[in-house]
Each structure stands twice: as structure tokens, then as C-alpha cells.
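This briefing covers a pocket, a group of aromatic rings and a strand hairpin. Please read it alongside the sequence and the 3D view.

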Amino acid sequence: MIQHVSLELASGDVDAAVGFWALLGFARVEPPPGLRDRSVWVASGGQQIHFLLTDDPVAPPSGHVALHLEDYDAAVARLREAGFEVDPRAEHWGAPRAFVRGPGGHRVEVMAAPPP
């Protein structure tokens, strides 16, 4: 399991990003006091996404965050209901997976099964 990943984000995209990650089971948590003025964090279990606030954020075009979600089908349905374009891909490890772009342009892979 990855403890955290940091993604650059414009301040104006914070609410949309927090809402997007909530669809994937993440909730907003408080960063340490020294980071509160320059970052926003969301967490699910022991995994965290740290949004580094910047005026000129960069989202890698092909790099991505990959998540194994026990409720894969429900998560995909929530994303679609919220208006996100979910792009199903070939199954890996005998289970479905898909890509979606979140607020700020970050690419996220959701998987029904983790790699072996």
C-alpha cells in the first residue's frame, strides 16, 4: 500500500477535487499545522492524497494514481452519476479496471483487483 501521493492543484479546484475523491472513498483530513496554508489532504484508511496548492499546477499526461476498490462497480457508478467520463480498459488480473480524470486533470486508475 502506498502511504501517500502528492498532486499539484490550483486553489480554485480544491472543492471539486475533495468531492471527486469522496466518490472514491476518501475524506478530507487536516494536514500538520505547518502545511495547512499550502496543501489540502484527503485520506482513506492508511492512504492519503496530498494536494499541493500552486498557481500553475501540472498534471502528468500519462502518470496516474491507481486504486484497488473493493466496491469497484459502485465507485464507477458514482463517478458516472457525478458526470465523470469513465474509460473502461482491458481486464488485468481477471478483473475490470478503468481510468478517469479528476479535477485538476489528474489521471486515476480504479481497479477491481490489485496486482498479484
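The largest pocket has a volume of about 360 Å³. This is a predicted model, in which local features need pLDDT of at least 70 and side-chain atom pairs pLDDT 80 or more, while totals for chains, interfaces and linings use all residues. Residues are numbered from 1 along each chain as its sequence is written, and side-chain values use heavy atoms, with hydrogens and water left out.

**Largest pocket**

- A pocket is an open set of points on a 1 Å grid over the protein atoms alone, where a 1.4 Å probe fits and protein lies on both sides within 12 Å along at least five of seven lines; lining residues have an atom within 4 Å of a point.
- The volume is the space filled by probe spheres set on the points, which are joined across faces, edges and corners.
- Of the 20 lining residues, Ile2, Gln47, Ala66, Leu67 and His68 are the closest to the centre of the largest pocket.
- Two or more lining residues come from each of β1 (4-9), β4 (47-53) and β5 (64-68); strands are DSSP runs of E with at least two residues, and helices are runs of H or I with at least four, numbered from the N terminus.
- β5 contributes the most to this lining, with five residues.
- The lining has 13 nonpolar, seven polar and no charged residues, where Ala, Val, Leu, Ile, Met, Phe, Trp, Tyr, Cys and Pro count as nonpolar, Asp, Glu, Lys and Arg as charged, and the others, Gly among them, as polar.

**Aromatic rings**

- There are three aromatic pairs in the structure; rings of Phe, Tyr and Trp (its six-membered ring) pair with centres within 6.5 Å, and planes under 30 degrees apart count as stacked, over 60 as edge-to-face and the rest as tilted.
- Phe20 and Trp21 are edge-to-face, at 5.5 Å centre to centre and 85 degrees between the planes.
- Both Phe20 and Trp21 are buried, that is, under 20% relative accessible area, against over 50% for exposed and partly exposed in between (1.4 Å probe, protein chains only).
- Phe20 and Phe84 have ring centres 4.9 Å apart and planes at 65 degrees, so this pair is also edge-to-face.
- Because Phe20 lies in helix α1 (residues 14-23) and Phe84 in the loop between α2 (72-81) and β6, the pair ties together parts 64 residues apart in sequence.
- Phe20, Trp21, Phe26 and Phe84 make up one aromatic cluster.

- None of the six residues of β6 (residues 87-92) is buried.
- β6 and β7 (residues 95-101) run antiparallel and are joined by four bridges; strands pair if DSSP finds at least two bridges between them.
- His92 has Ala95 of β7 as its bridge partner.
- Two residues lie between the strands of this hairpin, in which Trp93 takes a positive phi near 55 degrees.
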